[in-house]
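This briefing covers strand pairing, helix packing and overall dimensions.

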Amino acid sequence: MIQPLAYIHPEAKIAQNVVIEPFAIIHKDVEVAEGTWIGSHAVINEGARIGRNCKIYPGAVISSTPQDLKFNNEYTRTFIGDNTTIREYATISRGTEEHWKTEIGSNCLIMAYAHVAHDCRIGNHCIITNNVQMAGHVHMGDWAIIGGSSSVLQFTRIGAHAMISGGSLVRKDVPPYTKAAREPLSYTGINSIGLRRRGFENDKINQIQDVYRYIYMRGLNNADALTQIELELPPSNERDDIVNFIRSSERGIMRGPSSNGEKE
């Protein structure tokens, strides 16, 4: 299943039923699990751990040296979860001593020419669309989607089930379950279509909308909004996810639909 024109370092660990096409390069200290396909001219560098049934398309580069001047050749790794697809010429850097690894979850789609920098943590079922440029230390929750040609500032957090419009500049945290668009990036509602596709009932979606009315529609600062949410809205996993996300935000969250500035 390994073409003779591919280069495989003798110390690489390649499982059964892995297909490696001609001119792919697999360096030492790489592990590739069962059923994965690696296309021509893909480069898998040291420290890569590739899960089961992944697809890595031609020209993709995984676990490259971080583009970080503080990097001092410390031993770090890159983890790619099962059933994840990485399309043509996407690049994924390995970690630095800050976190020691870059992580991409299972069932993700990283589209062509996207860049995921060092120490990023990408959840499961995420989609990073064509030409997204993601700086270091970004955290992205499960089922989140970033539209094409967007740029994400370092240390930014993107909540689970969030959907960010193409061409966005993401400079503030994007809370879970939301849609984000415009410049500066702003709240444009909750991701109701995506939530319905994932099995959220209308009552649950309405509860999420109620939470964001306190945050974005009542003219409250975040601290007061969170206090009122906890006092007046019934507890739920979704309510608590939103409250905890905003309360722990160091950058502040994206602005509201009619705000004069981004929320702190």
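Two strands are taken to pair if DSSP finds at least two bridges between them. The model is predicted. Its chain holds 4 helices and 27 strands.

**Strand pairing**
- Strand β7 (residues 43-44) and strand β10 (residues 61-64) run parallel and are joined by 2 bridges.
- Within this pairing, isoleucine 44 has isoleucine 62 in β10 as its bridge partner.
- β10 also runs parallel to strand β13 (residues 91-93), with 3 bridges between them.
- Here valine 61 is placed opposite threonine 91 of β13.

**Helix packing**
- Helix α3 (residues 222-232) and helix α4 (residues 237-247) have axes that come within 11 Å and cross at roughly 155 degrees.
- Angles over 145 degrees count as roughly antiparallel, so α3 is roughly antiparallel to α4.
- The crossing of α3 and α4 is left-handed.
- On the α3 side, the contact is made by Asn222, Leu226, Ile229 and Glu230, and on the α4 side by Arg239, Val243, Ile246 and Arg247.
- Sorted by class, the contact of α3 with α4 comprises 4 nonpolar, 1 polar and 3 charged residues.

**Overall dimensions**
- Along the principal axes, the C-alpha atoms of the chain fill a box of roughly 65 × 40 × 30 Å.
- The chain has a radius of gyration of 20 Å, which agrees with the value near 18 Å that a compact globule of 264 residues would have.

Conventions
Residues are numbered from 1 along each chain as its sequence is written. This is a predicted model: local features need pLDDT of at least 70, side-chain atom pairs count only at pLDDT 80 or more; totals for chains, interfaces and linings use all residues. Side-chain values use heavy atoms; hydrogens and water are left out. Axes are lines fitted to C-alpha atoms, for helices over the stretch in contact, and angles run from 0 to 180 degrees between N-to-C directions. Angles under 35 degrees count as roughly parallel, over 145 as roughly antiparallel, 65 to 115 as roughly perpendicular and the rest as oblique. A crossing is left-handed if the near helix is turned anticlockwise from the far one by less than a right angle, and right-handed if clockwise. Contact means heavy atoms within 4.5 Å. Ala, Val, Leu, Ile, Met, Phe, Trp, Tyr, Cys and Pro count as nonpolar, Asp, Glu, Lys and Arg as charged, and the others, Gly among them, as polar. The radius of gyration is taken over C-alpha atoms; the globule rule is 2.2 Å times the number of residues to the power 0.38.
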